[in-house]
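Here is a short report on one protein model. Look at the structure first, then read on.

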Amino acid sequence: MTELTRRTALGAGAAAVAFAAFVDVRAEPGATSWSLRSPRRRTQLQVRWDHAAGAQYSVLLGDRRVVGWSDLGIVTRLYNTQDLRTPVISDFSNGLRFDGAETASGEDVYELVTGKRRANRAAYNQLSLTFTHAATHRVLRMEFRAYEDGVAFRYVLPETSVVHHHMIEEKTAFNMGARGRFWGAAYDFFDMYHPSYETPYESYPIGTPTPAELGVSWGFPSLFELDGAYVLIHETGLDATFHGSRLNKDAPDGVYRIEPPMPSESFGFGANYPTSPLPWAMPWRMLVVSDKLADIVESNLVFHLAEPSRIADTGWIKPGAASWNWVYDHDSGMDQAKLRGFIDLAAEMGWSYTLIDANWNRSGDNAMEQLVAYADTKNIGLLFWYNSGGRHNVVTEQPRNIMDDRLRRRAEMARLRQLGVRGVKVDFFQSDKQEIIRLYTEIMDDAAEFHLMCDFHGCTIPRGWQRTWPNLISMEAVRGCEFYSFNSEPDYGLMAPRQNTIHPFMRNVIGSMDYTPVLFSHLTVNRRTSNAHEAALAVIFESGIQHFADGPSIYPALPQAWRDYFSRVPTAWDETRLLAGRPGEDVVLARRLGARWYIAGLNGEDRSKTLAFDLSSLHGLGNEPTVLIDAADGGYGVRQGVRGAGRRTSEAVAPFGGFVMIFQA
């Protein structure tokens, strides 16, 4: 992996040039406003400050205001070391003294190991405003950035102090107006398995309160449609000094506000507000902005704003496909004969890995050593499942109480490294509190030292970590394929096709998604998707390791063209393009690795339709793609397509159907 950051800070001598280049300033008695434009002036972030009212921001796309004036600010608490009975409260939403502004321009050039686009180049302009709280003399810096595909801002306490400061309230708001729609998922918190970001995404009028039966607030990401413009709100750059945030359940007049985790998360252990010594840089609040859904889907803004890679040599991190035992047979983790069958499946299909899931340590003495030894004879790498354990969950699946304790975790990871295990899947985190965010970062740090890849389940959503820790190859945080196996989810079969066409516009925009796709079998819940729909998920859903969900007898029995496809389909991409679609209806994506293009389409509706899309922007296509389609009898169809250069084309799809085109160079 290579990362190159070019940043030019503009001091007093260059201030006039800088402001003329990308910042407009207006000053009135007691108030000042700034307009920060992206390098090519596509997006604009306006900021205004008044001594009494505090600071606000607004976002423009071209000349059109897409986010109205919205509040900024935080409230911090610091305990007086001389008198602990009297905390010092600094409300940085009003009563501020403006101290000065700095501007900078920069460009990041970096590569990702996994994701929708390997090579990335991101130019931005930045404005930093420094304020002092008049009553307490504490200092706050607000940093704003404008990229071509969106804007972002964060709060920084720049002073130096070994004393931990408490951020007890965030005033940040997003004024989306009273008209339009948004796609969101409730922040679910009702039992010991939540929050796990597994609530379905649905479309609502802007301002709709969170339905009480679904959750307690709105989770990230949230996608807004504003009369032809689109805004995706998320956060990134989250580290161990902060918690994961969400949006308040109520949005009067379309104004959404940031909220912290619930106090009752992780069974009440840990505070639901963050603390840190100073200096303290808080997460970026980011908004991807465009008049085209393609720009939302293709954006990597979540990674542009993340910290650069902490792993110098990433050559040992290998994306790939994996067989996986749990959904097909929940109890197979306790049976080594069954687990060897999934290792055999990976070898037969030409996949790189097998994931050994829950309770594998109950399959016999020295279970890990025996499974590794068998996998070595097949040249298959193994990943092993762990319960995150500790005080924040009471799930009994084994092994648990290893990954939460640093000494036990590092000893276990040293053992895994010695045996040649390739990675770990860690499950059941159940909170976005700061202490759980710290646990994620510690697991990734330690795993990197021992050359282990990480997959998180029962977890929070991605927040840019795949750039900072490239050994993070996927995260769940989605209502995935496992729900076909639950008696409690009788409606999942009808829900899944629609959700599958929403995820490319929302959940998968912000990072790899371990949905565990491609199930041809019918489990507890009847599957309504077609076979070609399931096949297309391997391309539509991006995950650094794609865990294929079906059993050992299924994939080898497929027709040869289908089997060849699953044996060769990539799991990390050089390029991704949205060709057509709308959330909840249908989607057509094109992804490229090297000289080979894959184009996949999904129908999320229970009616036949024709999906039209344009191939003219895709360079290097061959003329005769192999097309996987639904046969007339509902089986596994294959067609050799013929493409005219630079033309529009279309594919007829069945209800809840799909297709895959594979182009050779």
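## The sheet

In this predicted model, 6 strands make an open sheet, ordered E29-E30-E31-E36-E33-E34. The pairing is antiparallel. Strand E29 (575-582) and strand E34 (636-640) are the edge strands. Each of them pairs on one side only. On average, neighbouring strands of this sheet are turned by 15 degrees against each other, direction ignored.

What holds such strands side by side? Strands of a sheet pair through backbone hydrogen bonds, either parallel or antiparallel.

Take strand E31 (residues 596-603) and strand E36 (residues 658-663). They run antiparallel, and 6 bridges join them. Which residue of E36 is the bridge partner of alanine 600? The partner is valine 660.

## Helices against the strands

Helix H9 (residues 492-502) packs on the sheet. H9 touches E29, strand E30 (586-593) and E31. The direction of H9 makes about 135 degrees with that of E31.

Helix H11 (residues 560-568) lies across E31, strand E33 (626-630), E34 and E36. H11 runs at about 110 degrees to E33.

## A nonpolar patch on the surface

Now turn to another part of the model. Met192, Tyr193, Phe267, Phe269 and Val394 form a nonpolar patch on the surface. Together they have about 440 Å² of accessible area.

Where does phenylalanine 267 sit? It is in the loop between strand E19 (255-259) and strand E20 (275-281). Phenylalanine 267 counts as partly exposed because its relative accessibility is 43%, and partly exposed covers the range between buried, under 20%, and exposed, over 50%.

Terms used
Residues numbered from 1 in each chain as written. Predicted model: local features only at pLDDT ≥ 70, side-chain atom pairs only at ≥ 80, totals over all residues. Heavy atoms only, no water. Pairing = 2+ DSSP bridges. Helix = DSSP H or I, 4+ residues; strand = E, 2+ residues; numbered from the N terminus. Axes fitted to C-alpha atoms, helices over the stretch in contact; angles between N-to-C directions. Contact = heavy atoms within 4.5 Å. Patch = residues over 30% accessible without salt bridge, like charges linked within 9 Å, V, L, I, M, F, W, Y side chains within 5 Å. Areas by Shrake-Rupley, 256 points an atom, 1.4 Å probe, with all protein chains shown as cover. Salt bridge = Lys/Arg side-chain N within 4 Å of Asp/Glu carboxyl O. Buried < 20%, exposed > 50% of the residue type's maximum accessible area, 1.4 Å probe, protein only.
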